[in-house]
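Please look over the sequence and the structure below before reading on.

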Amino acid sequence: MSDETRAEIQEELAAADAVRPEKFDYAIRIRGLRNQFGEAVIHEGLDLDVRSGEILGVVGGSGTGKSVLMRSIVGLQTPAAGEIEVYGKTLDTIANEEESRDLRRRWGVMFQGGALFSTLSVAENIQVPLREYYPRLDQQLLDEIAAYKVAMVGLPPDAGPKFPAELSGGMVKRAGLARALALDPALLFLDEPTAGLDPIGAAKFDELIRELADTMGLTVFLITHDLDTLYATCDRVAVLAEKKVIAVGTIPELLATEHPWIQDYFNGPRGRAAAGCNIAAERQDRKS
Amino acid sequence: MPFQGKSSNVLRTMVASADFEHSEGASGAEVRFSGRLTLARLGDVPTRLGELGPISTLDLSSIDRIDTVGAWIVTRTVNEHGAKVIGASDEARRLLDALASDKSEYRVHNDRRPAWLRMLDQIGTASRSIWHELLGIVDFFGAMIIALGIQIRARRRLRWNAIVTRFQTVGLDALPIIGLMSFLIGIVIAQQGAVQLRQFGLEVFTINLVGRASIRELGLLMTAIMVAGRSGSAFAAQIGTMKLTEEIDAMRTIGVSPMEAIVLPRVAAATITMPLLGFYASICAIMGGGAFVWVGLDMPPLTYIQRLREIIPMTDFWIMLIKAPVFGLLIGVTGCYEGMQVRQNAEEVGKRTTSAVVAAIFLVIVLDAMFAVFFSSIGWN
């Protein structure tokens, strides 16, 4: 490689590194967000901060706009009003394509249904973002990266060449997670990662998320209905109701609030069961 | 903070790409990484690293940051050369540990075989799939007849509403395009025929050519091709999509037989509509030919019609009427069969639709040839 091309690459890389996640205390800051579809207002004056390096669970009843909130953050849905900053940048005010690509490179999104490209194998799915952002990588390295991502998310060794239609529901979720992690993002969005999984599969998935977040230092924005997931993985929980985030905090902090929905949610029969299991598990841990 | 390596000695003003320097030690090169060992700043490090000889140690003490790709490059070198890693920070160590287990059994592609073997394999697979396709269509046809039998035995009424809706889409909506096409084909046959026959001074036989060809063969054949393209493909795509969205499964669980509700009305509509469309197409072709004969050969329409009545035997008309429902049935069954075969994804809907059209047209032409031989041999000339 000549010095010229090397300098060229250096320049390109320096440009691509304008956003540096480690500089920010807050990965996401949302202020006064308003989302509406026609007459129906989904969010009104919603504020939320996601700290760097935390796993934030987002809960709320059906139709409170959890997915809409995620879609607004990643730019799939343009808010009617308000500001969303991801690592200090606002998607809709970013003027040039380069900068928005730079931001997109920092996050990975796992959709509820996996949203794997059905005509590509699992390995090729994982390679899609890599090819898009780093066309210079050689095939050998791409294949190796795909192979260890497959291993990392706990898929079986023969999953790489398989097509999404040949995978079970749990495997589709893992493959979706592998694709979301392809670029080593700093920020990971998970939409209902355990929905539709059996309890054992769901527990394993929770463990996996926690583990990956720890090894890779991820910030995770996690939408869930699953109380077990909340107890097992989340550092803090944000509760969506009445068109805004009514409370954010650790689970004990939330339990201390008076809000009826929060009380119902955590102290309902399922909530108590999940909490009970968690406490029992902790006791076991302490004993052993 | 994530990814940050312990870099006491660096006071960099700009962010540095991954790089390394090496010195030759006793048992191999000692490699000292610097900068950011991350996907975005990897540059040509993997290539240059590959060009080195044996490597004994990898020093990570002066890197800024490392991510899984960087950790993978390190792990790969360790596995290849048996090199030692020194000076790794806690973060780096954690990533390295996560990647350390053996990944060699993880496959990304299916095994590649030599080209000639793959070609043979493809030919074999293709032949088998054609055979299975044929068997499948026959099988499907049988299942449909059984479903019809059950429906009649149980005295359930045929779904006339569904059938009539299909009349509209298969028949009525196709009238303009089939009419125009046939009319133009009539003109082309007459014109080409006239050119050839003129050499013998037998231009008047153009009428024989147009009349018999349209009624006996071309009118119906062109219609069959058009219907296969318009409706056979639509059947396959509709049913295929319904399979994908699990509508067909839902139907089965409710207790509605998809054969009865989806397949039979479509096949029935195609079967009944085909003779009508074929007759219509023949008439349009004759009108096209007549138009040319009138304008090009100065023969008045009345003479044209009289002449047609003399030369076209009634058997030609019967031949068309016998063939038409068979072709319609074939197109309907092929379309529905292919649609029902959709299993996995959106791409397959496209593939199945294509093969519905191709198979239908191919089978129609094969059958037409067989009919031609048959009718000639029983003396319907």
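## Helix pair and sheet

In chain A, helix α4 (residues 122-133) packs against helix α6 (residues 169-180) at an angle of about 25°, with their axes 8 Å apart. That makes α4(A) roughly parallel to α6(A), a term kept for angles under 35 degrees. From α4(A), A:Val122, A:Asn125, A:Ile126 and A:Pro129 meet A:Ala175, A:Ala178 and A:Arg179 of α6(A), contact being counted where C-beta atoms, placed from the backbone, lie within 7 Å. The residues of this contact divide into five nonpolar, one polar and one charged.

This is a predicted model, in which local features need pLDDT of at least 70 and side-chain atom pairs count only at pLDDT 80 or more, while totals for chains, interfaces and linings use all residues. Residues are numbered from 1 along each chain as its sequence is written, and chains are lettered from A and ligands numbered from 1 in the order in which they are written.

Six strands of chain A form an open sheet in the order β6-β7-β8-β3-β9-β10, with mixed pairing; two strands pair if DSSP finds at least two bridges between them. The edge strands β6 and β10 of chain A each have a single partner strand, so one side of each is left without a neighbour in the sheet.

| Edge strand | Residues |
|---|---|
| β6 (chain A) | 107-110 |
| β10 (chain A) | 244-249 |

Strand β9 (residues 236-241) of chain A runs antiparallel to β10(A) and is joined to β10(A) by five bridges, and A:Ala241 stands opposite A:Lys244 in β10(A).

Methods:
Axes fitted to C-alpha atoms, helices over the stretch in contact; angles between N-to-C directions. Helix = DSSP H or I, 4+ residues; strand = E, 2+ residues; numbered from the N terminus. Parallel < 35°, antiparallel > 145°, perpendicular 65-115°, else oblique. Contact = placed C-beta atoms within 7 Å. Nonpolar A, V, L, I, M, F, W, Y, C, P; charged D, E, K, R; others polar.
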